[in-house]
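Here is a short report on a protein complex. It covers the interface, a metal site and the confidence scores.

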Amino acid sequence: MSDHALSAGHGHDDHIHPEPTSFLSKYVFSLDHKIIGIQFLFSGIIMFWIGGLLALAVRWQLAWPWKPIPILSELWADYGYRLPPEYYNKLFTMHATVMIFFVIIPLLTGAFGNFLIPLMIGARDMAFPKLNMYSYWAMWPAIILMTYSFFTPGGAAEAGWTSYPTLSTFSWSTPGSLDGQTLWLMSLLFAGISSLMGSINYITTIIMLRAPGMKMFRLPMTVWAMFITALLQAFALPVLTSALIMQLLDRTIGTNFFAPANWMVANSGNVVGGGQILLFQHLFWFYSHPAVYIMILPGMGMVSDILSTFSRKPLFGYKPMVFSISAIAGLGFIVWGHHMFQSGMNPALGATFMLSTMMIALPSAIKTFNWLGTMWGGRIQFTSPMLNAIGFVAMFVIGGLSGIFMAATPVDMHIHDTYFIVGHIHYVLFGGSTFAIFAGVYYWFPKMFGRMMNERLGKIHFFLSFTFFNGTFFLMHIIGMHGHPRRIADPSVYEFLRGSGVVGMNQFMTINAMLLGLAQLVIVYNFFYSLFFGPKAPANPWHANTLEWCCPSPPPYYNFLKIPTVYRMAYEYSSEGSEPLDYWPQDQPEKSDVVEAHVETH
Amino acid sequence: MKTDRLWTLLFAIGAIFATGCFIYARTDADWWLVPNVSSMGREIDHLFIIILWITGIVFIGTQIVLCYTLWTFADAPGRKAQYVHGQMKLEVIWTIIPASILVFLALYQMGTWSKIKFRSSLPKVQPVAEVTGRQFQWLFRYAGDDRRLHTDDDIITVNDFHFVKNEPTVIHLKSQDVLHAFFLPQFRIKQDAVPGLTIPVWFDSDTSGKFELVCAELCGWGHYKMRGNVTVHETQAEFDTWLKKAKTEQNRDQLALANAANGG
Ligand SMILES: [Cu+2]
Ligand SMILES: [Cu+2]
């Protein structure tokens with residue numbers, strides 16, 4: 001009865017909404033956060049393949065410039081079966097756009113955020129289930145517009161994912177700046193609306209719907225990370241949205257926000273302007289630098305929980321971890337200028353951005369040391385989620401350290417816009433975010449689908465991914481410091497890139513990229529095979545402490561028959577007196593109860 | 001399982017591969033920083049190598065700790081995990097040490113940065129040329145005999161940039177259409193060319209010879225081929241001779257030449 005009194009103050013109601021019965025309301029226009037999370041997961045996986053194949057075409061061209069690409073070359077029969085250079089620009093533009101806006105952000109926040117937040121805080125659903133459904137379905141206009149843009153005259157956008165004016169604002173500049181760029185802008189506006197609806201929902205849910213006893217400082221790191229990420233999104237996205245709308249207006253009704261004053265385009269006699277080109281870059285990076293953290297913080301949270309579970313040890317330095325993600329989010333708003341050191345921005349401003357950018361490396365360092373501290377002295381179980389989490393830590397270190405080179409303004413003069421930065425971002429977004437996604441899939445698959453994935457295949461997949469990932473991306477630092485520019489369709493134009501070393505490295509990276517792509521077939525097979533034929537999963541297969549593991553796998557429509565009461569943090573592993581068990585779930589008042597429950601489920 | 005700790009080897013091999021790449025790079029001209037010929041480039045390389053050492057040591061240190069941890073604390077029968085939630089002293093140590101390294105690094109860069117990019121440190125010399133990027137070529141406008149730009153005797157070359165060894169050299173960088181970036185890899189110089197802005201850029205060279213100019217900012221379908229030739233002359237006289245020749249070439253009149261040939 002005391003539970004009831006506690007929960008009354010938290011705005012819970014104990015009546016459970018009836019489960020929807022029709023297929024459409026159950027699986028398509030679902031209001032259930034778990035289904036919506038899984039919808040985000042499936043569309044993310046599909047887009048992952050598209051984005052990945054685009055990248056392979058990019059890699060092919062870099063390794064063997066103008067050699068017909070297998071299969072795809074039929075598309076370019078008119079060009080002698082060779083990739084036209086403007087198409088090359090479309091490939092890397094779309095690769096980045098798809099991976100950032102349709103894969104990593106929707107997978108981390110849309111799929112894992114949706115599925116996990118209510119379960120981990122002990123709520124029956126999100127605060128606004130309808131808004132949640134809209135947030136998923138706003139992704140589809142975005143995906144459709146982006147896909148459609150390939151088939152318009154001039155084809156898809158080719159101004160890079162950064163989409164700098166004036167390349168992006170004037171239709172004469174390049175074929176992709178015909179309708180393709182307009183569709184690109186409209187598509188991203190939809191993706192932004194989707195993210196914004198999601199983040200408002202996450203913030204509200206985490207503040208309002210925590211189970212009784214779930215204080216903020218008892219939240220698992222995953223939830224903390226999702227909370228901070230949602231705040232970042234809610235504050236940064238409006239700026240991107242306005243930048244996109246301004247660019248759209250420039251393109252459609254000739255507003256010239258981003259065309260310089262009294263500017264005559266290429267002696268055309270046509271004087272335009274009144275705006276500022278660099279303004280777009282400021283607005284764009286004001287969002288897109290925090291976006292890098294939107295793409296890594298949820299991964300950091302998930303990895304923290306997974307490391308603790310499989311080290312059978314409390315998370316080391318919980319509060320420093322919380323403070324450091326908060327610091328990353330705060331500092332994340334005052335470092336955007338590091339993308340603009342060579343842009344013509346006042347160099348004195350560059351110096352201050354260098355200082356703030358150096359400082360943002362600090363919370364990341366603190367987190368890394370705490371992850372090592374978590375594993376130190378533990379009882380490390382090398383399961384497939386754990387391996388991917390360790391891979392995250394090992395690779396994120398490289399991504400973090402290589403960032404320091406770009407933060408140093410003079411060094412940045414040489415490596416800016418070279419492959420060094422391409423290597424850096426892939427160590428953060430593949431070595432970091434993607435391994436975190438893999439870890440999350442292996443870890444929560446049993447909860448999502450009620451079946452276990454195959455461990456052996458999971459390990460083979462990790463081994464191959466880790467190996468070929470390093471083979472694909474590490475040498476990018478080397479060719480980058482040698483001076484290899486990014487976004488060029490044919491490096492052999494330049495004499496200093498014609499040496500056998502550079503050519504050889506480009507080919508080596510491409511071969512590894514193809515193998516990396518092939519290796520992903522293992523997880524796809526494992527995923528779909530286990531979905532139907534995997535062994536049935538118990539409620540708590542990993543013996544973890546967070547609340548999602550105290551409801552059945554998969555959880556019922558209403559998640560919790562009775563809203564759980566939370567007694568402590570989620571990291572009570574290997575504490576005294578819990579033998580023979582080494583864990584103590586958040587909702588269990590006494591350890592003896594755990595032992596009983598444990599015996600029951602076996 | 002006892003053999004599970006062998007996974008440590010994979011992470012160790014990854015770290016060795018990464019370290020090995022940079023060690024090998026030092027010995028192969030195709031891998032290392034492309035050879036530098038400018039005075040500011042020397043400073044930039046010095047800063048690069050300092051950061052490489054610091055990050056390299058941190059990298060190797062964390063990977064050793066990671067691998068040691070994985071190997072030593074792997075699950076084994078009878079093993080019990082420690083029950084600790086953290087340690088304030090450690091947190092303070094691993095906050096203060098990286099913080100001071102990072103602040104040192106930032107301050108250590110400032111001098112070079114201001115020497116290269118601050119307007120106040122721009123050498124007080126006539127710009128050797130006005131450089132304009134346009135899809136997909138570089139235009140160089142040199143002053144003629146009146147030593148002033150934008151007069152009738154200007155000499156304009158396409159993708160052909162000349163200046164003199166050991167002289168501080170200034171250009172005025174512009175763009176006609178979209179963003180470009182003036183990138184001289186062998187001089188460690190990079191600056192975006194922005195429509196509507198005129199940005200002064202300075203550099204020098206301690207070596208005469210031929211070098212390459214790269215466009216480093218995406219500027220459209222032909223971005224990849226927006227390449228320029230750079231020639232550094234040994235002496236001012238050599239440069240003047242070239243400029244005179246370029247002027248003769250610019251003013252070449254086939255009709256006059258034909259008349260001269262026939263009428264002679
Ligand atoms: Cu950034
Ligand atoms: Cu260009």
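Between chain B and chain A, 32 residue pairs are in polar contact, with both partners at pLDDT 80 or more. The model is a predicted one.

**Interface**

Contacts link 94 residues of chain B to 116 residues of chain A. The size of an interface is often given as the accessible area lost when the parts come together. Here chain B and chain A bury about 9,200 Å² between them. Carbon and sulfur atoms account for 73% of that area. The rule finds 1 salt bridge across this interface. B:Asp75 pairs with A:Arg379 in a salt bridge, and their closest N and O atoms lie 3.1 Å apart.

**Copper site**

Which residues coordinate the copper ion (ligand 2)? The donors are B:Cys215 (SG), B:Glu217 (O), B:Cys219 (SG) and B:His223 (ND1). They sit at 2.1 to 2.8 Å from the ion. Along the chain, the donors follow the spacing C-x1-E-x1-C-x3-H. B:Glu217 and B:Cys219 are both buried.

Why is the arrangement around the copper ion (ligand 2) irregular? The 4 donor atoms subtend angles of 83 to 132°. A tetrahedral label needs all angles between 85 and 135 degrees.

**Confidence**

The model scores ipTM 0.95 and pTM 0.94. Values for each chain follow.

| Chain | Average pLDDT | Residues scoring at least 70 |
|---|---|---|
| Chain A | pLDDT 92 | 95% of residues |
| Chain B | pLDDT 94 | 98% of residues |

One stretch of chain A calls for a separate entry. Over residues 1-12 of chain A, pLDDT stays under 50. For these residues the model has 16 contacts beyond four places in sequence.

How values were computed:
Residues are numbered from 1 along each chain as its sequence is written. Chains are lettered from A and ligands numbered from 1 in the order in which they are written. This is a predicted model: local features need pLDDT of at least 70, side-chain atom pairs count only at pLDDT 80 or more; totals for chains, interfaces and linings use all residues. Side-chain values use heavy atoms; hydrogens and water are left out. Donors are N, O and S atoms within 2.8 Å of the metal (3.2 Å for Na, K and Ca); water is not among the atoms, so sites may look incomplete. Four donors count as tetrahedral if all angles lie between 85 and 135 degrees; four count as square planar and six as octahedral if opposite donors are over 155 degrees apart and all others between 65 and 115; anything else is irregular. Buried means under 20% relative accessible area, exposed over 50%, partly exposed in between (1.4 Å probe, protein chains only). pLDDT is the predictor's confidence in each residue, from 0 to 100. Contact means heavy atoms within 4.5 Å. Buried area is the accessible area (1.4 Å probe) that two parts lose on being put together, summed over both. A salt bridge is a side-chain nitrogen of Lys or Arg within 4 Å of a carboxyl oxygen of Asp or Glu. A polar contact is a pair of N or O atoms within 3.5 Å; within protein, one must be able to donate a hydrogen and the other to accept it, and residues adjacent in sequence count only if both atoms are side-chain atoms.
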